Amino acid sequence: MSTMKTTRDVRGIGISIPRPDGPEKVTGRVQYVADIKPKGLLHAKLLRSPHAHARIVSIDASKARALPGVRAVLTAADIPELKRKAPTRAHAVLAIDRAVFAGQPVAAVAADEPSIAEEALDLIEVRYEVLKAAVDPLESMKPGAPPVADTGTEADTSEALAHSAVAMAKSDDAPAKAVNVSQTAHVKRGEVAKGFAESDVVIENTYRVPMVHQGYLEPHAVLAEWDSTGQLTLWASTQGSFNTRSEVADVLGIEENRIKVIPVECGGGFGGKIRALCEPITALLARATGRPVRYVMTRREELEAGMPAPQVIIRLKTGVKRDGTLMALEAETVLETGAFSGTVLAVAAVFLGSLYRWPAFDIKGSEVLTHKPSVAAYRAPVAPQTIFAIDSQMEQLARALGVDSAEFRARHLSRPGEPMVNNQPWASMGAPEVLQKAAEHPIWRARAEWKASGGNGHGLRGTGLSLGGWLGGLQPTGATVRLNPDGTLAVLTGQVDIAGTNIALAQIAATAYGVDIDKVKITTGDTDVAPVTGLSAGSKTIYTVGVAVMQAAQDARKQTLEIAAGELEAAVHDLEIVDGRVVVRGMPDRGVTLASIGKKGNLYMSKIPPVLGSAHPAFTQQAPAFAAQIARIEVDPDTGEVKLHDFVTVQDVGKAINPLAVEGQMQGGAVQSLGMAMTEALMYDDSGRLTNPSLLDYRKLTAADLPNLETIIVEVPSPAGPFGARGVGEPPIIPAPAAIANAIHDATGCRLTELPLTPERIALALIAR
Amino acid sequence: MAKQILSFTVNDEPVDVLVQPYVTLLDALREDLGLTGPKEGCGTGDCGACTVHLDGKPVASCLMLAMQARGHAVRTIEGLGAIGALHPLQDAFVRLGVPQCGFCIPGVLMAAAAVLAETKHPTEEDIRYGIAGNLCRCTGYTKMIAAISEAAEVVTQGAAR
Amino acid sequence: MRRFDLATPDNIDDCLKLLAERPAETKLVAGGTDLLPQMKNGLIKPARVIDLSGVPEVHVLAPDDGRGVRVGAAVTARQLERDPRIQSTYRSLAESGALVGSIQVRNLATVGGNICNAAPSADMAPPLVALDAEAVIAGPTGRRRVPMAAFFTGVRRTVLAPDELLLEFSVPAPGPHSGGCYLRHTPRRELDIAVVGVASQVTLADGVCTKARICLAAVATTPVRATAAEQALEGQRLTPQLIEQAATLAIEAAKPISDQRGSVEFRRHLVRVLTRRTLTTALARASA
């Protein structure tokens, strides 16, 4: 595949341009699903199981159906399409005979008003036989634990492949499967026992990160309507309209051509809106009532019954020699996936075993089912948790050896071409450059002085650094570029624009074709009109769709020049596009306007075809992207509160197509990372019920908790990305937990290995010292 | 349960609208008056996406019953400025690349407008506390603070003329 | 929320009449910041709600014949936060108001709602107790006054009968050389709820403490006074060592539970820390 390298005018790339939808967003004009109100709209509510594991003995919905204003009540008995053994969470539209997590939908209501729908839920009588629930993943792994899956349900590895594009080598001696262990993996190299025996320093810790919610401000929302020909239209808040269409088609057992998914402005997804969740049941209610039905999750439902990030438990043992040589690494990783399989085991192994050069490693991973809501991706799935473990460990090893921890990381960092745990080579990546830049930062340089200034009326002061990265997602995609009769360009993709990628795509198209950016319009089409497009996820939008748009623009340019060559009786290679005209190089008077070419392509009886550039590439080459973060903190020794004075993110983006947008991604990812580090956790009681189903107790960071977030862009071009760009979205969520833990260690001497790093944990650790 | 007449002022216009007594001000604005700028992010006053001004003060409209607004003046994001005549805050947000997914933005702008109405030269801390009731998951707040700071200067200079 | 009838009286007597009709199925709403979330969660399902926003009697915020201040039940947290008289003379009450939720919540949340909701973590309760305030209650047979220290009877339980309504608080002026302070510990700086809260109020005469009140939030089923700590201070000069002793004694009054917001151990530790800090600040303010 071709990439833009050097000679083309790169005006338009590397320029900070605000998103064109800014004015609509700041005036409240942008429409989200909950803002769409068609005539005859009905409102949906779902009745959810209060029990984590229960047999459904009976459901009596008669009183609910009789309530005036109620238009439909559905239970599993009303939906013959439902598969008895739901292979994925989306297929478990309504529980059939067993509820497998507290919050699982059991019945659905559509009514004239939301209040009537709520009252109808009260009138549905469900008899449950409460069963023992598997709540703790370590307990759930043991033989004899209450089984979660219906027998015969396969492990679902589709998410792993969508995100990491890392295929794990199958190993014959994977850990023995217990009833709730749905995936296992095992990689090893060398002899770890020998390595540990020869080590001078061995450090072993267990790191624990609870389930967290992606935290998007707009809850899941969907509007469904069938027309008289049996066509279903879904207005969805989704990160991937084609994925939604496929899942809904599969769940309902209808052809994809019968479904149109219109991706409405998405109020945040971060991986939580990739898989179908509310669409099937809403479609079924719309079909049952013959009216448009809208379902918007409440925040409580999102927290109780969304698709969070998995709980991750990593036992990590590392050995080094006194001279700093890495000797051996052993790890057991447990990923709690909830009631349905869907985690990404491979990512943990790659970053544990091959971010740094371990000559010997033995890494086992298990995915464990529990009676909790099943998980989905969350911005760099499993990477923040994994880096929390390996980076905390590297920091402790450096301290034990008495060496500079940034240098220790740099010394052992894998380089491009060296093998990952699956023996594939690391692609070009900028981890060394990022680490170098971070180590040069004045805040890192001044860490000794900062620490020494603690006490004496100030709290305990410390600085922490961490490095992490993401392999970069891949997904085939398509794009078209049309020349309009007035010489402007129309670009069509199916890409949901969450991160401001549309402006970057416009910059790419404009530069690749040869016009000003304001002559380019990017349209995000629905699934009926757009080329098949992948998810807005995996840090791959610019990396893949950007390439498709670039190639389509190049194709359109080629067609344009060929037409012009005929008009001007010149050779294509003598032509260039300048200021809206195709001219012969060196002869500015010999030219034709783009508009004239565009008009001829739409003229009655014209022999000139319309210019339609298209591209539909698939990709094989990943572009790993790394970020380092530095935290300067002050700890109140009495209360354990951490004041974050400064926070820096250094990130390799390959090429910043639009630095303004890139900074926004870095800052947003940083705050999600800090939330995971300091305040966020989904907390469950012993019966598997969520104890903090509100934003009061599920704590996301506010503006008052944070300083200004400094961003430093590093550019190590990727071989295959458009203009060398790499994916930007995921790296910044990765390093903060380790950076904060390292900073707390620096300030207090306490090493904490369980997130979030709350004031209570810090205060009690200080008391225990 | 009969509907009741809610008489109040919305974005400087007097309004009489029939509302159910059990709906919130947020619901009435969105569903009965078509003002979908204020959003529901949580329904419990914990996210700020529903922020509107009640007699000039920022409030969580998801926690008010619609009828409690009777006789009062409400301003939503639609009443802050329009495309082509943006408020300095809106203009600064656009130029500095603040909005990403955009869902929190109407609430943040209303909270920020209240900060500027109160303080001519807000410090970074004033601004951070002024929007601390508005959760944002996309931006990390840094560009918001810069934009609000910039807009404060524009507003002050404009008032000085 | 489920459906309900709404009454919008414009005076206190109509309000009481409406309340008396079906007290068990009726809820009063002022700021709605505790009531509406509970209704949305289905914890409370009243058939009727009475809106207090149009009842002038509960909005009073005025001096009480020079002996103190009258704070209407529907006075908002934001009003308490910003009122100059409350800030200067009843500082701990202003501080507690300033901590509730966020600005958007404080512009709605009322002191009466905070008190009648009677969560153990209610921020405005400890200052009212520490200031020896009284609750003025209106009912079908007239008015009565209850000292704040006796107002709470359990988690979300007060002395109010179903047909009674909290009218206002009567807060006596603390007297010269008095100082108060309210602090709480929360994981975030806004939008949060107290893990532990402490209000301290002291009055000095010639440098000797003549009156000390310490009230703790979120460490028992109700706000609770640390009487042993108070007694250790009264009649003494408040040295840092004595303050530290009082802070340790305050722990005895606390009977915290471990829940998702904090463990017993951490809460007991915070009682000492916050008592020390609030006493130190109250002393400085009393001495100024």
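This is a predicted model: local features need pLDDT of at least 70, side-chain atom pairs count only at pLDDT 80 or more; totals for chains, interfaces and linings use all residues.
Visitor: Which residue in β10(C) is the bridge partner of Val71(C)?
Guide: Residues are numbered from 1 along each chain as its sequence is written, while chains are lettered from A and ligands numbered from 1 in the order in which they are written. Strands here are DSSP runs (E, at least two residues; helices are H or I, at least four), numbered from the N terminus. In β10(C), Val71(C) has as its bridge partner Phe169(C).

Visitor: How many bridges join β5 of chain C to β10 of chain C?
Guide: Strand β5 covers residues 68-72 of chain C, and strand β10 covers 165-172. They run antiparallel. Two strands pair if DSSP finds at least two bridges between them. For β5(C) and β10(C), the number of bridges is 5.

Visitor: Which are the edge strands of the open sheet of 5 strands in chain C?
Guide: The strand order is β4-β5-β10-β6-β7, with antiparallel pairing. An edge strand of this sheet pairs on one side only. That picks out β4 (61-63) and β7 (142-147) of chain C.

Visitor: How far apart are the C-alpha centres of domain 1 and domain 3 of chain C?
Guide: The bounds come from an automatic or database domain assignment. It gives domain 1 (5-51), domain 2 (56-172) and domain 3 (178-287) in chain C. Between the centres of domain 1 and domain 3 the distance is 35 Å.

Visitor: At what angle do α11 and α20 of chain A pack?
Guide: α11(A) spans 383-401, and α20(A) spans 736-748. Among the residues that meet are Ile387(A) and Phe388(A) in α11(A), with Ala738(A) and Ala741(A) in α20(A). The axes (lines fitted to C-alpha atoms over the stretch in contact, with angles from 0 to 180 degrees between N-to-C directions) lie 7 Å apart. The packing angle is about 35°.

Visitor: Which helix gives the largest share of the side of chain A that touches chain B?
Guide: Contact means that C-beta atoms, placed from the backbone, lie within 7 Å. Chain A and chain B each bring 44 residues to theirs. The elements of chain A that give two or more residues are α1 (22-26) and α19 (659-678). The largest share, 8 residues, comes from α19(A).

Visitor: How many residues does α11 of chain C give to the side that touches chain A?
Guide: On this contact, 19 residues of chain C meet 23 residues of chain A. Helix α11(C) covers 264-287 and gives the largest share of the chain C side. Its share is 5 residues.

Visitor: What is the average pLDDT of chain A?
Guide: Two stretches score under 50: residues 1-10 of chain A and residues 160-172 of chain A. Still, 95% of the residues in chain A score at least 70. The chain A average is 93.

Key
pLDDT is the predictor's confidence in each residue, from 0 to 100.
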